[in-house]
Amino acid sequence: MSEGHGETINVTLKVWRQDGPDATGRFEVHHQAISTDASFLEMLDVLNEQLNEAGLEPVAFESDCREGICGTCGVMINGRAHGPQRATATCQLHMREFRDGDEIVIEPFRAAGFPVVRDLAVDRSPLDRIIEAGGFISVNTGAAAEANLTPVPKEAADQAFDAAACIGCGACVAACPNSAAQLFTSAKVGHLGLLPQGQAERWSRTESMVEAMEEFFGSCTNHGECSEACPKEISLDFIALMNRDYMKAKIRNRSLAGQH
Amino acid sequence: MAQTTGQRYRVAPVRPRGREWPFPLNLYQSAVGRKWVMAVTGLGLIGFVLIHMIGNLHVYEGPARMYEYAESLRSLGGGLVPQGTVLWLLRLGLLSMFVLHLHSAITLSRMSGNASEKAGRISGAKKYEGGRDHLAATYASRTMRWTGPIIALFILYHLADLTWGWWLGDDFVAGDPYHNVSESLGNLPVAVLYVVANIALAWHIFHGAWSMFQSLGVNNPRYNHLRRALATGVAGLILVGNLSFPLLAQAGLIDEDGRTCPVGEVQGNACLADQASDH
């Protein structure tokens with residue numbers, strides 16, 4: 001981290017521009033002077049203001065909360081999902097991570113399951129298809145039960161919490177050489193499968209979420225790039241847990257297991 | 001998302017779901033199940049490679065003991081079944097593991113290729129202009145699809161070399177493995193080929209023996225740190241054992257100098273059998 005506040009650096013941006021899902025993309029070069037106090041997205045905001053003033057089309061990118069919890073932002077920065085800082089979403093990345101004169105290549109997350117909508121914005125709705133397949137628990141919402149009636153073992157609570165940290169940004173898919181969504185899906189499966197509330201549908205959930213995932217994404221070869229890219233540092237252990245639960249779901253006699 | 005383009009559409013599946021096959025074939029339909037098959041067959045193949053390597057160490061005990069070892073493989077199962085039955089069953093098992101391992105590898109990498117295609121990329125496989133430094137993936141994990149075919153081609157060569165005796169011609173003597181090994185590996189280009197192929201094999205196992213724990217879902221925080229060490233150990237053991245054959249053959253340790261039985265004695269190898277029983 002540099003000492004000075006408000007220091008201005010000059011960077012060369014190589015930004016992916018693509019007019020629509022079927023258009024051919026290209027890189028566009030911009031020279032940008034920016035304060036090191038600015039966040040990465042603020043730097044893109046400044047760029048877009050300048051493009052607007054010049055009557056040019058601004059760079060389309062996604063963001064929402066800008067505090068690292070919504071999972072909306074996310075681009076490849078110099079070949080790394082969410083940029084060079086570990087465990088940090090794009091919106092939490094600051095320009096102090098870069099040096100004067102740096103060239104920064106900004107590309108969308110790439111996978112067949114993430115078609116480009118425009119420029120840096122991709123359609124990550126296949127992740128929603130996976131959630132729809134079983135990323136929930138069925139509860140009676142009429143009169144909510146007293147939450148403390150269900151004891152949750154401390155270890156299960158901790159592990160489920162770690163899994164639940166997944167913000168669904170898709171960096172795992174983007175970083176994976178196989179474009180596999182194993183880390184995302186296993187975080188969701190693990191989160192619910194570890195808690196008592198998730199037990200009733202544990203096996204059907206794992207089965208349908210894995211099968212929905214395989215419609216859109218590649219096959220995991222245990223490279224570990226996903227976990228490295230994950231802004232929430234989800235562990236590869238959840239992938240192992242999901243693999244085990246999937247095989248159990250396929251093999252076990254659910255009618256006698258008391259679980260669906 | 002969809003509003004941006006002014007039209008509602010759904011991202012089309014890359015691998016649309018077909019009708020589910022009956023159990024247990026449906027396990028092989030899913031990528032997770034197929035990866036499980038790859039892990040199980042990989043484990044079996046590692047077991048074979050280890051036993052094959054340990055058994056071949058008999059070559060350092062001379063022609064008679066090597067002959068005895070080869071014969072003992074044929075008589076596995078004792079008098080319970082006809083000679084060679086168990087050996088052929090093992091060979092069949094080995095072949096089916098090999099075929100399944102290969103088939104799952106090819107189909108899964110094709111699936112990953114399809115899932116990485118399109119998406120506005122400029123050319124080639126999934127690639128980012130910003131370069132990738134592969135932070136976590138090891139060199140071994142990224143080269144599985146290269147070391148795999150090298151090993152497969154080598155196995156064909158190896159069978160043609162020491163099982164079918166295609167290259168040795170008249171120098172190949174069925175029933176005298178010691179002679180064949182020394183003839184083949186005494187040849188420098190062949191020895192180099194064996195060295196290269198066995199480095200590829202150890203490289204492949206270095207990733208495979210670790211990766212299979214993940215694929216099988218064998219994961220226990222208490223033992224996880226041992227998985228990498230185990231994979232390195234197994235790969236190292238196989239590397240050292242298998243490299244010793246071509247290297248020591250080149251160094252002159254596997255040769256016919258100390259031999260007391262004539263090489264040409266093919267039928268039953270009576271002399272070698274006598275020596276082995278004297279042992």
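Tutor: Chain A is divided into domain 1 (8–113) and domain 2 (124–257), with bounds that come from an automatic or database domain assignment. The model is predicted, and local features need pLDDT of at least 70, side-chain atom pairs count only at pLDDT 80 or more, and totals for chains, interfaces and linings use all residues. Residues are numbered from 1 along each chain as its sequence is written, while chains are lettered from A and ligands numbered from 1 in the order in which they are written.

The C-alpha centres of the two domains of chain A lie 30 Å apart. Where the domains meet, 17 residues of domain 1 are in contact with 15 residues of domain 2; contact requires the C-beta atoms of two residues, placed from the backbone, to lie within 7 Å. The domain 1 side of this meeting has nine nonpolar, six polar and two charged residues. Here Ala, Val, Leu, Ile, Met, Phe, Trp, Tyr, Cys and Pro count as nonpolar, Asp, Glu, Lys and Arg as charged, and the others, Gly among them, as polar.

As a whole, chain A has nine helices and seven strands, helices (H or I, at least four residues) and strands (E, at least two) being DSSP runs numbered from the N terminus. Its C-alpha atoms fill a box of roughly 65 × 40 × 40 Å along the principal axes. Of the 260 residues of chain A, 50% count as buried. A residue is buried if 20 or more other C-beta atoms, placed from the backbone, lie within 10 Å of its own, exposed if 12 or fewer, and partly exposed in between. Among contacts in chain A between residues at least 6 apart in sequence, 71% join residues at least 24 apart.

Strand β1 (residues 8–17) of chain A has two partners, where pairing means that DSSP finds at least two bridges between the strands. With β2 (residues 26–35), β1(A) pairs in the antiparallel sense over ten bridges, and Val11(A) stands opposite Gln32(A) there. With β5 (residues 103–107), β1(A) pairs in the parallel sense over four bridges, and in that pairing Leu13(A) stands opposite Ile104(A). In a regular strand the side chains alternate between the two faces of the sheet.

Leu120(A) is found in the loop between β6 (116–118) and β7 (121–122) of chain A. Leu120(A) counts as buried because 24 other C-beta atoms lie within 10 Å. Leaving aside neighbours within four places in sequence, Leu120(A) is in contact with Trp16(A), Val59(A), Ala60(A), Phe61(A), Val75(A), Ile106(A) and Pro108(A). Of these, Val59(A) is 61 residues from Leu120(A) in sequence and 7.4 Å away in space, C-alpha to C-alpha.
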